[in-house]
Amino acid sequence: MENLQELLHGFTIAVTVPHLLMMVVGVLLGILVGVLPGLGAPNGVSLLLPLTFGMQPVSAIILLSSMYWGALFGGSVTSILFNIPGEPSSVATTFDGYPMARDGRPTTALATAFGSAAFGALIGVILITFLASWVAQVALAFGPPEYFAVYFLAFASFVGMGGAAPIKTVVALAIGFAIAAIGIDTVSGSVRLTMGVDELVKGVSFVVAVMGLFGIGELLVAVEEEFHARAVSSKIDWREVFRAVGRLPRHALALLRSAAIGCWMGITPGGPTAASFMSYGIARRFSRRGRYFGTGEVEGIISPETADHAAGTSALLPMLSLGIPGSATAAVMMGGLMIWGLNPGPMLFVDQKDFVWGLIASMYVGNIVAVALVLLTVPVFAALMRIPFVVIAPLIVIICVVGAYSVSNSYLDVVMMLGFGIVGYLFKKLFYPLAPLVLAIVIGDKAEDAFRQSMLLSKGSLGIFFANKLVTCLIVGGIALLLLPLALQLARLRRKPAPSTDETAVQETAREKVII
Amino acid sequence: MISRRALELATAVLTGSFGVAVVVSSLDNGIGWSSAGVDAGTFPFLTGIIVVLGSLYNLVRGVVPAARLANVPIAITPLELRRLAGLFVPAAIFVAAIPLLGMYLASAGYVFAVLAIPRYQSVPRALAMAAATALALYVVFERMFQVSLPHGALVSALGF
């Protein structure tokens, strides 16, 4: 009950005129970056980040998180109307959303998507409301070894459950750690990995990395295919909106199942993209109309959308209560928290009650604002898609360049951003996952500190990671997740001794396509 | 045309050399255990080793089972490569021009060049868009958010 009281207090912070305005601006900007190819939630949020430095942390987080909700919704608009996913996490929405819209029911497809997305988000927020402070309370007792174990578990779950090739995930993670180590070492004060470049002493900002990896990288992938924005009608028939939303309860099972998958994937860092694909796959397998999936099935829209938003929302739970972001965008927001002078983690629930509960309350309100705004603005943003890509692309390049520069007024950052762009392109092209890379850049330092503090406590013995039940469980769980892909591969080999190489190659590419 | 295999190899070599650089550089900071606890170079050293090993694995996987990748021989077609260059080369020139021309002139020139030279837009429209871009940058950053963007060596040489 204490939680509800805190929540009510949060509402008094979130529901004020300036904060409601913040939500509207955030959601609109979010839909914009969600709709535009090449700009997504992670780099949209990091673009806005330098502009929030002068704000109150709670106002800043409301702006940024609203942008996140907007981007999640915006990505679905283009998926359904244009068959172009504006966000990686809404790729699965194109499978049934676009066919339904193409067959003359765009309003039904959009309303179903937004309705189930809102439901997923709601479940995610409810989970945060009741679970986050409890998790934080448990985490208050954590020492450095426990923290390192939790970080280890988070990173291991990327390898075990992220879906991309395990070794590629490991490489992406380790590169992120190395990038995080560049600059002055917080423990000893010595300068590390600058490779003789003096300016690197300040380190590599995650904003620069995100701009390049997600902004320029995505742009380069997008430019390869020519866009044919052949829109189906983007007129909204309001009566059909209410009818479609009214029909949602008939799919209660699919809604609940997808929300559960989404919450799970959001809390254990699997991310919204993996969640939406997993949910779609499971729905197709279990639905009685599974063989009609891909032709405009209602459950084919409900499943990925609910899971996408449930994961996106619940990704903030570990960020708030443990200081471990559950998705790339949450990682960027957590970087923001640190810049605003807050220490993400359990102490937030003790020291910064207003901030935490203001944010949680704003998530309820922000999602309602987002659903209303996205429905109202669909025609406007759909018109935006008719602007040729050749005009939008240079503008996005300029936005990324200025964004990278404004982090610390450094030209080197701009050059590095461009370099990250090439890396982002190569990684996307070859299915290296980007989210773990960003996560490692943001929390690499903290993971390292936790490790070194543990070592100081134990005087250099790794035994400290097996000193009590909790730590042992976390570490063993992490190791199990690391070994999971290997075990699955061995099991597959035993079942099918010699599969024809052609078949596996086809399966492999199909699988890779689905993952990213 | 660039094959998937070549791209995998190139990326593995790229990540691998980054790993080697990290390993070599972290040796300067000292690795292992000293009186002050774990030395500063230890953690980067370990991540560097992981990057190198992982890259080697990806390298070998990229080379050996040729049959697996046979179904996706082409990663980038010539047409795609041309489009990529069409986006990246002007962007790189734009970034290279910033120290000399400053953000405003460089971005206006960039917008004008990519729209007018391949004749996507007429010259007057491209000019208008270029001017609008520079103006929008000025209003948003210099005025609204008080972030000073680089003005460039040329402009300061002229005495602004």
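## Chain B at a glance

In total, chain B has 5 helices and 4 strands. Its radius of gyration is 24 Å, well over the 15 Å that the globule rule gives for 160 residues, so chain B is more spread out than a compact globule. For reference, the radius of gyration is taken over C-alpha atoms, and the globule rule is 2.2 Å times the number of residues to the power 0.38.

The C-alpha trace of chain B spans about 60 × 55 × 25 Å along its principal axes. Of the 160 residues in chain B, 33% are buried; a residue is buried if 20 or more other C-beta atoms lie within 10 Å of its own, exposed if 12 or fewer, and partly exposed in between, with C-beta atoms placed from the backbone. Among contacts in chain B between residues at least 6 apart in sequence, 59% join residues at least 24 apart. Two residues are in contact if their C-beta atoms, placed from the backbone, lie within 7 Å.

## Ground rules

This is a predicted model, in which local features need pLDDT of at least 70 and side-chain atom pairs count only at pLDDT 80 or more, while totals for chains, interfaces and linings use all residues. Residues are numbered from 1 along each chain as its sequence is written, and chains are lettered from A and ligands numbered from 1 in the order in which they are written.

## Chain A overall

Chain A contains 22 helices and 2 strands. A compact globule of 516 residues would have a radius of gyration near 24 Å, and the 22 Å of chain A agrees with that. Along the principal axes, the C-alpha trace of chain A spans about 70 × 65 × 50 Å.

Buried residues account for 60% of the 516 residues in chain A. Of the contacts in chain A with a separation of 6 or more, 80% are between residues 24 or more positions apart.

## Where the chains meet

Now for the contact between the two chains: 57 residues come from chain B and 52 residues from chain A. On chain B, at least two residues each are supplied by α1 (4-27), β3 (37-38), α2 (42-63), α3 (78-116) and α4 (123-144). The largest share of this side, 16 residues, belongs to α3(B).

Sorted by class, the side of chain B that touches chain A has 38 nonpolar, 15 polar and 4 charged residues. Here Ala, Val, Leu, Ile, Met, Phe, Trp, Tyr, Cys and Pro count as nonpolar, Asp, Glu, Lys and Arg as charged, and the others, Gly among them, as polar.

## Two helix pairs in chain A

In chain A, the axes of helix α6 (residues 106-140) and helix α10 (residues 238-247) come within 8 Å and cross at roughly 50°, which makes α6(A) oblique to α10(A). Axes are lines fitted to C-alpha atoms, for helices over the stretch in contact, and angles run from 0 to 180 degrees between N-to-C directions. Angles under 35 degrees count as roughly parallel, over 145 as roughly antiparallel, 65 to 115 as roughly perpendicular and the rest as oblique. From α6(A), A:Thr107, A:Thr108, A:Ala111, A:Thr112 and A:Gly115 take part, and from α10(A), A:Glu240, A:Val241, A:Ala244 and A:Val245. These residues divide into 4 nonpolar, 4 polar and 1 charged.

Helix α4 (residues 57-82) and helix α15 (residues 328-339) of chain A pack at about 170° with their axes 11 Å apart, and are therefore roughly antiparallel. Here A:Ala60, A:Ile61, A:Leu64, A:Ser65 and A:Tyr68 of α4(A) meet A:Thr329, A:Met333 and A:Gly336 of α15(A). The class count is 5 nonpolar, 3 polar and no charged residues.

## Individual residues

Most residues other than glycine have a negative phi. A:Leu193, not a glycine, has a positive phi of about 50°; A:Leu193 sits in the loop between β2 (191-192) and α9 (206-224) of chain A and counts as buried, with 27 C-beta neighbours inside 10 Å. A:Lys459 likewise has a positive phi, about 55°, and lies in the loop between α20 (435-458) and α21 (469-495) of chain A. With 9 C-beta neighbours inside 10 Å, A:Lys459 counts as exposed.
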